Amino acid sequence: QEGTQYQKVDTPQRAGKDGKVEVVEVFSYGCPHCGHYEAAAEDLQKQLPPGVVFRLIPAAFNIAWEPFARAFYAARELGVLKQTHAALFKAKYVDNYPINTMDEIADFYARNGVDKAKFLAAANSAQTTQAMQADMKLIQGWGVDATPTLVVNGKYRSDKVKDYNELNAMTLWLAKRELAGSGH
């Protein structure tokens, strides 16, 4: 229901340029709820119909979350995002590794076969800073102020849902509606 489970975005803007219907998860590795949502996010991705793409955008809402956002961009640039995304949540929230600082995050990637120096160079690059700033503008434009938040086609953001099943069901419904072209 609009106004409860989801909100219409004031200034719709898509993250991607490929023209596909998109579902974007705004998240942070620093967010325990995002860690708990990860398995449900993977389920959602499997249920998305052809023509719908799933994207991740890290939120750097505060100084503590900035290293986590930088880690996402570095992992993506180095081609290791697929094998490290869920693993980072597991290490932090299931195995209780102390992963908070950039150095601790770099150690996590090094334990997972990524050259630490290359990781730190990518995480601290101007390219990463620009990507982070551009994505934060998108996040702010969508009115996202909590994680995890799902944004469908740059038009709708999740709001007050009871649980992750309801979040996924609502997201799937909106994505299918966008795919069908009704858009309202």
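A residue is called buried when its relative accessible area is under 20%, exposed when over 50%, and partly exposed in between (1.4 Å probe, protein chains only). By that rule, 50% of the 184 residues in the protein are buried. This is a predicted model, in which local features need pLDDT of at least 70 and side-chain atom pairs count only at pLDDT 80 or more, while totals for chains, interfaces and linings use all residues. Residues are numbered from 1 along each chain as its sequence is written, and side-chain values use heavy atoms, with hydrogens and water left out.

**Overall fold**

- The protein contains seven helices and five strands; helices (H or I, at least four residues) and strands (E, at least two) are DSSP runs, numbered from the N terminus.
- Their order along the sequence is β-β-α-β-α-α-α-α-α-β-β-α.
- The radius of gyration is 16 Å, which agrees with the value near 16 Å for a compact globule of 184 residues; it is taken over C-alpha atoms, and the globule rule is 2.2 Å times the number of residues to the power 0.38.
- The C-alpha trace spans about 50 × 30 × 30 Å along its principal axes.
- Of the contacts (heavy atoms within 4.5 Å) with a separation of 6 or more, 73% join residues 24 or more positions apart.

**Surface**

**Helix 3 and its cover**

- Helix 3 (residues 81-94) has 14 residues and should span 20 Å at 1.5 Å a residue; its end C-alpha atoms are 19 Å apart, which agrees. The expected span is 1.5 Å times one less than the number of residues.
- Its buried residues are Leu81, Thr84, His85, Leu88, Phe89, Ala91 and Lys92.
- Among the elements covering these buried residues are strand 2 (21-27), helix 1 (32-47) and helix 4 (102-111).
- Asn96, which follows helix 3, has a positive phi, near 60 degrees.

**Phe108**

- Phe108 lies in helix 4 and counts as buried because its relative accessibility is 2%.
- Leaving aside neighbours within four places in sequence, Phe108 contacts Thr84, Ala87, Leu88, Ala91 and Ile99.
- Phe108 and Thr84 are 24 residues apart in sequence and 9.2 Å apart in space, C-alpha to C-alpha.

**Glu166**

- Glu166 is in helix 7 (residues 164-180) and, at 17% relative accessibility, counts as buried.
- Apart from neighbours within four places in sequence, Glu166 is in contact with Gln5, Lys160 and Val161.
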